[in-house]
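Hi everyone, thanks for coming. Have a look at it first.

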Amino acid sequence: IPGYNPDPSITRVGDTFYLVNSSFEFFPGVPIRESKNLVNWAFTGYVLDRESQLPLDGSRPSGGIFAPTIRYHDGMFYMITTNVNLMPTGHPNFIVHAEDPAGPWSEPAWISQVGIDPSIFFDDDGSCWYTGTGDDGNGRQGIVCFKLDPMTGEILSDKKIISHGSGGKCPEGPHLYKKDGWYYLMLAEGGTEFGHMETIGRSRTIDGPYEFCPNGPILTARDDNGNGSPIQCTGHADIVDDANGNWWIVSLGTRPIGPMAHHLGRETFLAQLDWVDGWPVVRNGGLMQLEAEGDLPQADTVKPVSDDLHCDFANMDKLPPEFNYLRNPVAENYKLDGALTLTGTAERLSAPNTTPTFTGVRQTQFISCTTAVLGTDIPEGCSAGLTAYGIHTPHYDVLVTRRYGKLYAQLRKHLYDM
């Protein structure tokens, strides 16, 4: 899934896969997609589409929603995540539920646990277990585990640190699985930079101790030195089986445009894995590649993937789901009535932690063409146009501005050095 779509989590219900990603300071939050073949993903919508679910006022860049997990159990979908904007409250983690993944999803059930990257696991007896990052009491980050009521967020057992990882920095992004009598704890370690990796341990009991795979990380590009693989920084993964008994792993990764540089954001990638001697082994030596080598589920339904998006605002009553806002939008500043009318305010793109009048879509390819037809009724001293937006510090703006009664085209750059 190209473009900024990090921290994938996946689940399967029957022959349909559902996948969610982090959305950070953008609204709506937690995009959810569905697929029959793991290649063609249809936009189902957003899990968090109301401000009551997703307060983002004042959220820093790359704040907001971190690392959602989606699971299905006994007729109900669950999504659990962190709003780091609420970390000072002591209740940044919450869970929502829905019978239909298209929504509506419930209001948040808040969980009294500080940390990030929560996940849930339903054991054979139906009990629900929370895992996420937590402090071990000695200032060291570990993975905390406890029993949870997924409908209310109530903690039903003592909290216990069950792992500090395999030795890499920043153990996070935990997911629990159960297979052949073993509990498996999969983690992201090494930070989200070029040393990122996915590790896995196993135990006969849910609370450990966990013995980590003797072969090292099951997925990483850290030893590639940033040279050979076109996909780098791989990690923060989730695994799922298909209806044919094959296993798959989804992971974030980047496509560098040069040494240690990329600009499309962290994207979602897919690979097949096998189980060997009780351990998962990702094909291609634990490196993601640009062409899948395994047989996809329902391969006869795979169609060419297109990133083209055409919007005739004159015939729309709401924006397509590909469009996002920066933080919680002020509704009256956006109007669809024969055109898309954006009402500017004093909030600027270049100001941190603010809510400018902005709507945008993710850039999905290195080279792309975007065309917008602008009206000419731009007030004196105002501007309208397109921006290639990273965060408030780096962005390029192509715009039309009215000065002294005339319209002028302008290219404006705002970079770290400006």
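Okay, let's start inside: Y78 and F122 are both buried, and buried here means under 20% relative accessible area, while exposed is over 50% and partly exposed is in between, using a 1.4 Å probe and protein chains only. Before I go on, a word on what you're looking at: this is a predicted model, where local features need pLDDT of at least 70 and side-chain atom pairs count only at pLDDT 80 or more, while totals for chains, interfaces and linings use all residues. Residues are numbered from 1 along each chain as its sequence is written, and side-chain values use heavy atoms, with hydrogens and water left out.

Back to the rings. How do we describe a pair of them? We give the distance of the centres and the angle of the planes. The rings of Phe, Tyr and Trp (for Trp, the six-membered ring) pair if their centres lie within 6.5 Å; planes under 30 degrees apart are stacked, over 60 edge-to-face, and the rest tilted. Searching the whole structure turns up 16 aromatic pairs. Y78 and F122 make one of them, a tilted pair with 5.4 Å centre to centre and 40 degrees between the planes. Y78 sits in strand β7 (residues 76-83) and F122 in strand β10 (residues 119-122), so this pair ties together parts that are 44 residues apart in sequence.

Here's another pair: the ring centres of F94 and W110 are 5.0 Å apart and the planes are at 55 degrees, so this pair is tilted. F94 belongs to strand β8 (residues 93-98) and W110 to strand β9 (residues 109-111), so here the parts tied together are 16 residues apart in sequence. And what is the relative accessible area of F94? It's 0%, so F94 is buried. W110 has 33%, so W110 is partly exposed. There's also an aromatic cluster, formed by Y4, F24, F26 and F66.

F27 and P28 are joined by a cis peptide bond, with omega about -5 degrees, and P28 is in the loop between β3 (26-27) and β4 (29-35). G103 and P104 are joined by a cis bond too, with omega about 5 degrees, and P104 is in the loop between β8 and β9.

Last stop: D180 isn't a glycine, but its phi is positive, about 55 degrees. Where is D180? In the loop between β14 (172-179) and β15 (182-189). Its relative accessibility is 62%, so D180 counts as exposed. Q298 also has a positive phi, near 50 degrees, and lies in the loop between β22 (279-282) and β23 (325-326). Q298 is partly exposed, at 32%.

Definitions and conventions:
Helices (H or I, at least four residues) and strands (E, at least two) are DSSP runs, numbered from the N terminus.
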